[in-house]
Amino acid sequence: MDLDDTDLEFRHEIRAWLSENVPTGLSSMDTADGFEQHREWERTLAKARLSAVSWPAEHGGRGASLTEWLVFEEEYWAAGAPGRVAQNGIFLLAPTLYAHGTEEQQARLLPRMARADDIWAQAWSEPEAGSDLAAIRSRGVRTDGGWLLSGQKTWSSRAAFADRGFGLFRTEPEAERHRGLTYFLFDLRAPGVTVRPIPQLDGEAGFAEIFLDEVFVPDHDVLGEPGAGWRVAMSTAGNERGLSLRSPGRFCAAADRLLALWREVGDPSDTALRNKVLDAWMGARAYRLHVLGSLDRPVGAEASVTKLFWSQLDLALHETALELLGPAAELAGPWLDGYLFALAGPIYAGTNEIQRNVVAERVLGLPR
Amino acid sequence: MKFTLSDEQRQFAQALRDALRQSTSWDTLLALGVHEVESVPDLVVAFLELGRAAVPGPVVESFAVLREPSSTLAWPPHVPYIVDDADHVYAIVHDTRYRAILEDARSSVDPARQLHEYRLGEAVGPIDGQAFDRGVLACSAQLVGLGRALLARTRDYALQRKQFGKAIGSFQAVKHHLADVHVALELAEPLVFGAAVTMTASDVSAAKIAAGTAAYQAMRTALQVHGAIGYTAEFELSRWLLKVRALVTAWGTESFHRERLMAALCG
Ligand SMILES: Cc1cc2nc3c(=O)[nH]c(=O)nc-3n(C[C@H](O)[C@H](O)[C@H](O)COP(=O)(O)OP(=O)(O)OC[C@H]3O[C@@H](n4cnc5c(N)ncnc54)[C@H](O)[C@@H]3O)c2cc1C
């Protein structure tokens with residue numbers, strides 16, 4: 001039981017580097033220009049070996065421990081650095097590559113990912129397969145030296161501008177729902193791929209539909225065993241819900257900004273609003289401590305506990321800030337951007353209803 | 001930045017849990033050395049178990065605040081009456097400890113808690129500066145423990161009670177209530193341990209607010225999911241339900257702790 005900061009040197013190095021390098025005034029990553037500006041920022045991070053600090057040096061990281069990674073994240077968000085355009089690859093695909101990929105795949109794909117040469121999109125959802133992911137219909141058919149993928153994916157974040165996609169395809173049409181699925185890595189610019197951007201609530205093309213018509217994927221771009229895709233995918237889902245994508249640093253930084261906003265414009269006699277500010281501050285702190293306290297435990301169904309928590313916390317932080325801003329809240333600005341993003345939190349990475357089912361069934365042991 | 005329980009702390013918790021399952025008497029507590037616990041994190045470990053077992057008596061007052069096994073106190077305005085009874089009875093006024101003389105009994109919402117009015121006797125000396133916050137944290141840990149016990153019992157009941165031909169725990173409305181209680185408790189507990197490490201006013205007050213809220217949510221859900229049986233006095237559940245209600249306002253109400261937290265953060 002100890003909260004002492006044993007990582008001071010690392011923290012200072014990161015803080016100093018960020019204060020020199022964090023860019024300002026980038027356009028939204030959901031525009032063509034903004035996407036490339038964010039890619040440049042990823043490359044700047046990569047040169048300092050900070051785009052994927054926890055990876056081994058040969059893949060472009062610096063072998064940081066989990067605690068150091070948390071420190072990095074705290075400093076990153078406290079410095080006001082931009083959202084990570086490469087996050088799907090770095091935080092979702094990479095852990096899966098480490099768990100299920102071959103050495104050849106790791107050596108080929110990870111350094112390119114760290115340098116943002118390849119920015120990845122997650123191609124899981126389909127029009128008929130949202131919460132019920134095992135209902136996917138897109139298929140892969142065996143061909144010489146590889147597979148031909150056909151079908152339709154949807155809601156794929158950043159696919160409008162990204163380079164490559166990862167997703168599940170049905171390769172054994174006769175098999176049961178969760179079997180006969182294979183995990184493929186494919187090129188978003190390969191012949192046979194059509195990407196149609198879909199504007200999100202804020203009007204920008206944050207996600208996209210992907211149509212595949214006999215898209216060739218070589219054998220070396222199958223992740224894990226053919227037919228074992230569900231198991232491979234579930235290890236990615238754990239990362240998406242768990243801490244790797246939603247590190248406490250982001251929420252702590254937002255909570256600090258909220259507190260600063262309260263000091264600036266808050267009315268001390270408005271106790272209802274004051275309480276919301278306090279709840280958000282406590283929530284961010286609770287989440288940080290929860291993560292620190294569970295570092296020695298593997299992430300399993302527990303990830304659903306944190307997913308429920310961070311998605312609600314993110315909304316509460318931003319709703320409270322907008323309430324504090326009053327009528328000015330409708331004007332474009334960082335709090336409004338953050339709010340629009342937070343609105344999707346209870347929907348993506350498995351909706352919160354589905355996460356409550358997971359907690360009830362797998363953590364508390366209630367019947368399905 | 002290690003923030004997990006040590007092996008000794010885990011063993012202590014397990015020993016207490018096992019022993020308290022047999023008996024919640026004070027002899028059990030003394031035999032396991034609860035009165036000798038020194039560090040605040042260890043105190044939190046112990047009070048989570050005391051809460052889980054709904055141990056009666058002035059546990060916060062004697063083990064956490066006074067650190068004397070046979071004593072109790074009042075600390076107005078947050079603990080306005082003497083809690084239960086003991087060989088030595090005190091009242092704290094402006095950080096000074098006075099002997100207190102018991103007067104009329106007052107009944108608490110928790111029948112296992114006896115409160116007394118009192119009259120001040122002679123001053124004994126000052127009380128140490130962390131005593132109040134130790135009381136708040138012990139009470140917070142007890143609340144989380146009570147909440148955990150309520151959730152576990154409710155889960156068991158939901159597995160066993162059948163309506164419409166199925167265990168009620170298979171209904172999604174019930175599942176979702178219980179999942180929310182689990183999340184609230186899981187995220188309140190780290191605040192309690194975090195405050196035990198730092199002992200700052202803001203962290204201690206945040207811990208009490210979060211623990212009180214989570215335990216209260218556990219209490220309301222437990223009662224709802226048990227249905228009418230939960231509403232009966234004979235049924236064991238009431239021991240946990242009513243202790244939560246009493247402790248939510250003991251050692252500082254939510255609004256007191258919110259004032260204190262805001263003052264610490266923006267002061
Ligand atoms: C901003 C954003 C980004 C996204 N990015 C990606 C991405 O990069 N890649 C990708 O593949 N997907 C992405 N998604 C899609 C996301 O994963 C799905 O939206 C999500 O899985 C829910 O599916 P659905 O939208 O089809 O809703 P549905 O599954 O149709 O659900 C609709 C409603 O019904 C409820 N419901 C459904 N089944 C149950 C049940 N069994 N019990 C209780 N309630 C139920 C849901 O909780 C929800 O409230 C993104 C979504 C958003 C909003």
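Guide: A salt bridge here is a side-chain nitrogen of Lys or Arg within 4 Å of a carboxyl oxygen of Asp or Glu. The model is a predicted one. Over all chains, a search of the whole structure finds 44 salt bridges. Side chains of opposite charge can pair when their charged atoms come close.

One of the pairs joins E259(B) to R274(A), with 3.1 Å between the closest N and O atoms. This pair crosses between chains: E259(B) sits in helix α9 of chain B, residues 254-266, and R274(A) in helix α8 of chain A, residues 271-293. Partly exposed is the class of E259(B), because its relative accessibility is 46%. R274(A) counts as buried, because its relative accessibility is 5%.

Within chain B, R17(B) and E49(B) meet through their side chains in a salt bridge of 3.0 Å, N to O. R17(B) belongs to helix α1 (residues 7-22) and E49(B) to helix α3 (residues 40-52), both of chain B, so the pair ties together parts that are 32 residues apart in sequence. The relative accessible area of R17(B) is 28%, so R17(B) is partly exposed. For E49(B) the value is 4%, which means that E49(B) is buried.

Another pair in chain B consists of D110(B) and K243(B), whose closest N and O atoms are 2.7 Å apart in a salt bridge. K243(B), with 5%, is buried.

In chain A, salt bridges also form a network, which links R11(A), R15(A), E74(A), E75(A) and R288(A).

K307(A) is a case without a partner. This lysine lies in helix α9 of chain A, residues 302-325. K307(A) is buried yet has no salt bridge, and the nearest side chain of opposite charge, that of E353(A), is 7.9 Å away. The 4 Å cut-off applies to the nitrogen and carboxyl oxygen of a salt bridge. A polar atom of the K307(A) side chain does lie 2.8 Å from the backbone oxygen of Y348(A).

E353(A) leads on to the ligand. Among the 18 residues that surround the ligand, the closest are S125(A), S131(A), W155(A), T351(A) and E353(A). The shell around the ligand holds seven nonpolar, ten polar and one charged residues. In chain A, β3 (146-157) and α11 (352-363) each supply at least two residues of this shell.

The ligand itself lies between chains A and B. From chain A, a backbone N or O atom of S125(A) is 2.7 Å from an oxygen atom of the ligand. An N or O atom in the side chain of T351(A) is likewise 2.7 Å from an oxygen atom of the ligand. From chain B, Q172(B) places a polar side-chain atom 2.9 Å from a nitrogen atom of the ligand. Of the 980 Å² of accessible area that the ligand has on its own, the protein covers 65%.

Terms used:
Residues are numbered from 1 along each chain as its sequence is written. Chains are lettered from A and ligands numbered from 1 in the order in which they are written. This is a predicted model: local features need pLDDT of at least 70, side-chain atom pairs count only at pLDDT 80 or more; totals for chains, interfaces and linings use all residues. Side-chain values use heavy atoms; hydrogens and water are left out. Helices (H or I, at least four residues) and strands (E, at least two) are DSSP runs, numbered from the N terminus. Buried means under 20% relative accessible area, exposed over 50%, partly exposed in between (1.4 Å probe, protein chains only). Lys and Arg count as positive and Asp and Glu as negative; His and the chain ends are not counted. A polar contact is a pair of N or O atoms within 3.5 Å; within protein, one must be able to donate a hydrogen and the other to accept it, and residues adjacent in sequence count only if both atoms are side-chain atoms. A residue is near a molecule or strand if one of its heavy atoms lies within 4 Å of it. Accessible areas come from the Shrake-Rupley method with a 1.4 Å probe; for residues, only the protein chains shown count as cover. Ala, Val, Leu, Ile, Met, Phe, Trp, Tyr, Cys and Pro count as nonpolar, Asp, Glu, Lys and Arg as charged, and the others, Gly among them, as polar.
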